[in-house]
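Me: I am new to this structure. Let us walk through it in short questions.

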Amino acid sequence: MQNPTNLAFTVLLFSSFLFCLYLVIPVTSPKSLEQTISPEQVKSEEQRTPSYEQFAEPVVIKEVKQEVKPVVQQLELETQQQPGQRQVNALAFDQADYSKQKVHYTDKVIVLAYHHIDEKENGITISPKRFKSHLQRLKKEDYNVISMEHFLHFMKSEAQVPQNAVLITFDDGYESFYTHAYPELLNFGFHAAKFIVVDSIDHPKAPRLTWDQMREMKQNGMSFYSHTYDHHDKVKAGSGNTLMPMLTNPIYLENEKRLETDDEYRKRIKQDLLKAENRIEEELGPQYRLLAFPFGSYNETVIGVGKELGIELFFTTKEGINTKGSNEIYRIHAGTSYMSEDDLMWRMKLYHKK
């Protein structure tokens, strides 16, 4: 007869095995799974946890597209009237990009003026470090740098500009625009415009930009306009020794001991301005005609002759902020040794409410 202890152990082991089967079989059966989560419950879970695709195009994006579309169409229409100026993407903007920025001003543009960049600073020269600090501060303080083409469309048409719009300009034709300013502008994704004394490019007597450099930069958002052909100079405007800007004053003719007549003066400046425009277009292609006044000096004759030649905007050295409709442009002189980044911000803020 079998040992009672072994028999009891065998019965206990068999009972445990049956109990385990009772627990495992219902859990693993398909019918049990169907009863655990019903189709209605699955649908309910999907509603409570929407898929990513349902957020692929938020309403705000649709609204922005509707606002920007007329602007882009207007810019494209006007740009088509200027051969070679098909930069619609550079002119358009998306207001949603600026929704989290501080608003300093709207529907206005501050234009900054620079000249030369060099370690040895003076009244028209700033160091590379100072120039970079200006760009950093503009970005930090939520100013939005636009292109000259965008600015022109704003001033002459119904085109819009972003809030806190700023245009960066340089005068003369120093090579430092290519060696120092251009790399920093690219790093920040900023546009800039350069007004060149064309004769100093054609016949350089010091380091100046080359046409090849300008062609390269133009492909990357920079633009170039007239600072006259060779009238960035002062001449005798009388029998004495007083020197005056030659663009705005009749020249004293030494051989004839007299001043130019009004007709001679007008003919001279017209030839100069036209020669500058023709040379720029020969080298860089058809483009808008803009003029920055040498020494900031101008008069009604210069404005009248410029308009006859198709010049659309005239850049002065008067300080202020620019609103739509004017063709005489205010600029803040930022490129000087005393203009720290704090000074620049203070100067710009003077015009936020004007």
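Me: This is a predicted model. Which residue caps the N-terminal end of α12?
Reply: Look for a side-chain oxygen that reaches a backbone nitrogen at this end. One such oxygen lies 3.1 Å from the backbone nitrogen of T301. The residue that carries this oxygen, and so caps α12, is N299.

Me: Which residues of helix α12 are buried?
Reply: Helix α12 covers residues 300–308. Buried means under 20% relative accessible area. The residues of α12 that count as buried are V302, I303, V305 and G306.

Me: Within what arc do the buried residues of α12 fall, seen down its axis?
Reply: The buried residues line one face of the helix. What covers them includes α11, β12 (290–292), β13 (313–315) and β15. Seen down the axis of α12, the arc that holds them is 170°.

Me: Which residue with a positive phi follows α12?
Reply: The phi in question is near 85°. The residue that follows α12 with this positive value is G310.

Me: In which helix does S176 lie, and is S176 buried or exposed?
Reply: S176 lies in helix α8, residues 176–188. Its relative accessible area is 5%. The cut-off for buried is under 20%, so S176 is buried.

Me: Which side chain makes a polar contact with that of S176?
Reply: Leaving out residues up to four places away in sequence, S176 touches H116, I117 and A181. A polar contact of 2.8 Å joins two side chains here. The partner of S176 in it is H116.

Me: How far does α8 reach from its first C-alpha to its last?
Reply: α8 has 13 residues. At 1.5 Å a residue, 18 Å is expected. The model comes close to that, with a reach of 17 Å.

Me: At which residue does the kink in α8 lie?
Reply: The kink is about 35°. It comes shortly before the proline P183. The residue at the kink is Y182.

Me: Which strands and helices are among those that cover the buried residues of α8?
Reply: The buried residues of α8 are S176, F177, A181, Y182, E184, L185 and F188. What covers them includes β2 (116–117), α6 (128–140), β5 (165–171), β6 (192–196), α10 (211–218) and β7 (222–226).

Me: Are R331 and D171 buried or exposed?
Reply: R331 forms a salt bridge with D171, the closest N and O atoms being 2.9 Å apart. R331 lies in the loop between β15 and β16 and D171 in strand β5, so the pair ties together parts 160 residues apart in sequence. The relative accessible area is 2% for R331 and 3% for D171. R331 is buried, and D171 is buried.

Me: Which residues are joined with R279 and E282 into one network of salt bridges?
Reply: R279 and E282 both lie in helix α11, three residues apart. Residues three or four places apart in an α-helix point the same way, because there are 3.6 residues a turn. The side chains of R279 and E282 meet in a salt bridge of 2.7 Å, N to O. Through shared partners, the network also takes in D202, D212, R215 and E283.

Note on methods
Residues are numbered from 1 along each chain as its sequence is written. This is a predicted model: local features need pLDDT of at least 70, side-chain atom pairs count only at pLDDT 80 or more; totals for chains, interfaces and linings use all residues. Side-chain values use heavy atoms; hydrogens and water are left out. Helices (H or I, at least four residues) and strands (E, at least two) are DSSP runs, numbered from the N terminus. Buried means under 20% relative accessible area, exposed over 50%, partly exposed in between (1.4 Å probe, protein chains only). A polar contact is a pair of N or O atoms within 3.5 Å; within protein, one must be able to donate a hydrogen and the other to accept it, and residues adjacent in sequence count only if both atoms are side-chain atoms. Contact means heavy atoms within 4.5 Å. The expected span of a helix is 1.5 Å times one less than its number of residues. The bend at a residue is the angle between axes fitted to the seven residues ending there and the seven starting there. A salt bridge is a side-chain nitrogen of Lys or Arg within 4 Å of a carboxyl oxygen of Asp or Glu. The arc is that of the directions from the helix axis to the C-beta atoms.
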